[in-house]
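Trainee: Please take me closely through one part of this structure, residue by residue, and then set its packing beside other contacts.

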Amino acid sequence: MVDKKVFKGVVKGLLKISIIFIILVVFILLFVKSLPETDYREFPLLGSRIAIWIIAQLHLLFAAFVLGIPIFAVITEFIGMRTKDAKYDNLAREFTKLLSFAFTITAIFGAILFFLIVLLYPKFFDYMEKIFSPTFYLYCALIFGEVVYTYLYYYSWDTLSQKKGLHLVIGILLNVFGTALMFLANSWATFMMSPGGVTDKGKLLNFWSAFMNHTWWPINIHRVIANICFGGFIVAAYAAYRFLSAKTQEEKAHYDWMGYTGNFIGVSALIPLPFAGYWLGREIYAFNEQMGIVMMGGIFSWLFIIQAILIAVLFIGTNYYFWVGMNRIAGAKRFVKYQLSMLIILFVCVAIWMTPHTLVASLAEARKIGAAHHPLLGVFGIMSAKNTAVNIIILTTFLSFIFYRRANKIDVVNWAKTGKLIQSIIFGLVAAVVIFFGVYGYFVPAITRIGFSVYQVLAVLFALVSVTTIDIFLFRRAKKTGEIEWGKIPPRSQYVLILLAVTVVLLMGLMGYLRSGLRQEWHIYTIMHDTHPGAYTPTLGFASQIISITCLIFFSFVAFIFWLGEKSKKNNYEK
Amino acid sequence: MKTKIIEILILIPILILILALGVFLSKVPEPVPELKMPKIYFGEQPKADEKIVKGWKIYNEKGCFFCHGIEGKGDIKNPNSKGGKISPLQLVAEGYTKEELKGLILRGTRDIAKENKNGPNPPINMPAWKGVLSNEELDVLSEYLMSLIPKEKKEEW
């Protein structure tokens, strides 16, 4: 007899998505189709643009949630299967539980977004439908698969407890379908930004060029990494929330460990993220240099100062979390002496990173400065300085991690001294390479300077891989100075984890505004003009308000999901 | 039995996806064939060996004639440059070796000498062709340019 729970769970999921779909179709057929034909319609009070912006952003944030968490869950479950440690399996399960509700919210926001686009921007939707209608079949099939696997993955946990391999296959399929779904939707969004395969009047010449347009792959890769990062930080925030509300030491220990694991995955994905961002930026320049200049040197250039501050919060917060966490590890005291110098390095680099090239100054102030750029700060405002600062920040964070990793270990291998010396030399050399190219960049033309960032990135990646590899062998069978005392971490560290999750969401909102704003007065860049009377490119100040509001709404929903998770766990305990 | 149903549930979305993939592929419109512009070559095809003919084609295809004139005869204006015109290429063999010429093409000439030092920069300069021309193209192009020297000039030498 089939496990009824599994079957009922899957049917429940399908029913939910079908109801949302039916409501959407009914609304479109009864409401939208009865309205007189026009290019644009107005959304009351907020205006069409703001309404679409907020709903699209919320949909994307939840989509990142339902895509990021399964990646996290499958990795954790796999580790649990290999190490036979039940806490990993429990962690994966706890998070999958949150997925079903998050998935419903994602689908509701997706349906509202679709409805609003059809209702408010009919001319734009008609055009997109003409180009991309074949993809809608795939989209529906992928949504169906995503629902089935999400619910199957959760509800078959007990049934397949003895067949972990098969359960992992479901998890992997869930990720494959989810990622394919995202890739498909990315083709629509990236087409708006960097259209291909159409004439300058918008006539379709080659579907595949429109589908796999210029920025499609860079966005795909960037979003996959960003989703892992997002998933990790959200898990950490959930753990922090549960840690702070925990009643017993056992619970605290569990959620402290969960917070650490989530943060570790978040940071691991955060480190390669800037490199994926570079690639995307490069492709934007390659597609349309003007768009690239608008992004980096035009109206959006100041956005990168805010971005720098937000990423700085992520890195400083992560380092701080590592350092506070070391207090609960016996034997970690020997590394405390390095923290002050690392903190100074971090702050100096952050200060350089957030230095604008051109200051907002009045004429009188500009005259006092004596030039368009401040004589000292202007030097730090260019890419050479910023790339150097970012790479040094990454190296410093990596060093924090290495200290954390070996905090309660004492090496026993006979080549330990040589190994550590080699690690130090690698660190020193790589830092020197990064600084050398940073300084040399001032003496060469811009086009050569841009190429230097590749050498800097490669050097840092080399350090990450080689030092970690040496470290693994160096501390194999190491003598332990004590166990990590999970749960004995001050509450302030947990607030940092929540801050990191909020910062990631703000960052996603900011970059979403950039990606859409880059099109400026176009629905589809250079193909379809935005002729709506209220069309404008929102200022950075206004955008930051909308992003903050969206972030607040998102976290209100997330808090509700967390509360549901807590409630269901309590019920399970009671049962 | 329990897992058999689960296995079937696993397979259903895959089958539906394959079906959708089939519909998707059948709905994708055939690409509109690209319009192929006929290649137009200016001037008379040189009656010389194959290498020089290839160079003549490259000279036309890459648009060198826009600035240096048909068959390198020049006469194209570049205000405020020395002489007010872009240098013709017919006598290039008198001033450069083939290797020097190759270097010149690859590097381009960013700063064009001005007739009036206080006047504006000449609007046209020679772009660098490094990374644009293949080694073979560069070789045949410079071979062609070296062959442009008029016969009487060759005999004078």
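**Helix α1 of chain A and its neighbours**

Mentor: Lys5(A), Val6(A), Gly9(A), Val10(A), Lys12(A), Gly13(A), Leu14(A), Lys16(A) and Ile17(A) of α1(A) touch Ile143(A), Phe144(A), Val147(A), Val148(A), Tyr151(A), Leu152(A) and Tyr155(A) of α4(A), where contact means heavy atoms within 4.5 Å. Sorted by class, this contact has 11 nonpolar, two polar and three charged residues (nonpolar: Ala, Val, Leu, Ile, Met, Phe, Trp, Tyr, Cys and Pro; charged: Asp, Glu, Lys and Arg; polar: the others, Gly among them).

This is a predicted model, in which local features need pLDDT of at least 70 and side-chain atom pairs 80 or more, while totals for chains, interfaces and linings use all residues. Residues are numbered from 1 along each chain as its sequence is written, chains are lettered from A and ligands numbered from 1 in the order written, and side-chain values use heavy atoms, without hydrogens and water.

The axes of α1(A) and α4(A), residues 122-155, come within 8 Å and cross at roughly 145°. Axes are lines fitted to C-alpha atoms, for helices over the stretch in contact, with angles from 0 to 180 degrees between N-to-C directions; helices are DSSP runs (H or I, at least four residues) and strands likewise (E, at least two), numbered from the N terminus. The crossing of α1(A) and α4(A) is right-handed (the near helix is turned clockwise from the far one by less than a right angle; anticlockwise is left-handed).

α1(A), residues 4-30, also packs on α3(A), residues 86-120, at about 10° with the axes 10 Å apart. This angle makes the pair roughly parallel (under 35 degrees; over 145 is roughly antiparallel, 65 to 115 roughly perpendicular, the rest oblique). Their crossing is right-handed. On the α1(A) side are Lys16(A), Ile17(A), Ile20(A), Leu24(A), Phe27(A) and Ile28(A), and their partners in α3(A) include Phe103(A), Ala107(A) and Phe114(A). This contact has 12 nonpolar, two polar and one charged residues.

For another helix pair, take α15(A), residues 383-405, and α16(A), residues 416-440, whose axes come within 8 Å and cross at roughly 165°. That makes the two roughly antiparallel, and their crossing is left-handed. The residues in that contact divide into 10 nonpolar, four polar and no charged.

Arg49(A) is in α2(A) and Asp530(A) in the loop between β4 and α19 of chain A, so the bridge ties parts 481 residues apart in sequence.
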